[in-house]
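Please examine the sequence and the three-dimensional structure shown below. The paragraphs that follow give a guided explanation for a reader who is new to it.

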Amino acid sequence: MKTANQAVKKNKAAIWATSIAACAVLTLSIYAVNQNGSSTAPAPTTKGGIVENNGPGSAPSAKHRVNIDGVIEEVSADGQSFRIGELWVKVTENTAYGITGPTAPDPSEQLVSKEFKVGNTVSGFTSEDVTSGEVTADAIYNNF
């Protein structure tokens, strides 16, 4: 006794054929997207014995340098200096706050405060030597 309908068998065959075709298209598109135009990676160039970076370069938001980074362990009595590990960082009226640039968020959306507290996470930059133990901050990118 056979109760299978011929229309159901045709629908199953159509669904299987469509699924296999979709998988083939997906496989070929993934393969095509991952091709870089040549079969080998370009060799790194050297200049004076130093390997140069052949990478894509930095993004506009990656231009900010950070050499002040950590959790505040101590704040001076006037609130204008703080310590991260062995490094004392002094903040002056010339210190810039927040991140600038074409891809930077609005200042109201940035996590930066001019009030320094023990336990806050701080990132910033100084043009001075951080190994000296005491520096003046050129910029404070975040303080929260």
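**A guided reading of the model**

E128, D129, E134 and D138 together form a negative surface patch. Such patches consist of residues with over 30% relative accessible area and no salt bridge, like charges being joined within 9 Å and nonpolar side chains (Val, Leu, Ile, Met, Phe, Trp, Tyr) within 5 Å. Asp and Glu count as negative and Lys and Arg as positive, while His and the chain ends are not counted. The place of a charge is taken as NZ of Lys, CZ of Arg, CG of Asp or CD of Glu. Accessible areas come from the Shrake-Rupley method with a 1.4 Å probe, and for residues only the protein chains shown count as cover.

This is a predicted model, in which local features need pLDDT of at least 70 and side-chain atom pairs count only at pLDDT 80 or more, whereas totals for chains, interfaces and linings use all residues. Residues are numbered from 1 along each chain as its sequence is written, and side-chain values use heavy atoms, with hydrogens and water left out.

Of its 144 residues, 19% count as buried. Helix 1 (residues 6-33) has 28 residues, which at 1.5 Å a residue should span 40 Å; the end C-alpha atoms are 41 Å apart, in agreement. The expected span is 1.5 Å times one less than the number of residues. The number of buried residues in helix 1 is zero, so the helix lies largely in the open.

Side chains of opposite charge can pair when their charged atoms come close. A salt bridge is a side-chain nitrogen of Lys or Arg within 4 Å of a carboxyl oxygen of Asp or Glu, and by this rule there are two. In one, the closest N and O atoms of E73 and R83 are 2.8 Å apart. E73 lies in the loop between strand 3 (68-71) and strand 4 (74-75) and R83 in strand 5 (residues 81-84), so the pair ties together parts 10 residues apart in sequence. E74 also meets R83 in a salt bridge, at 3.1 Å from N to O. Shared partners join E73, E74 and R83 into one network.

How values were computed
Helix = DSSP H or I, 4+ residues; strand = E, 2+ residues; numbered from the N terminus. Buried < 20%, exposed > 50% of the residue type's maximum accessible area, 1.4 Å probe, protein only.
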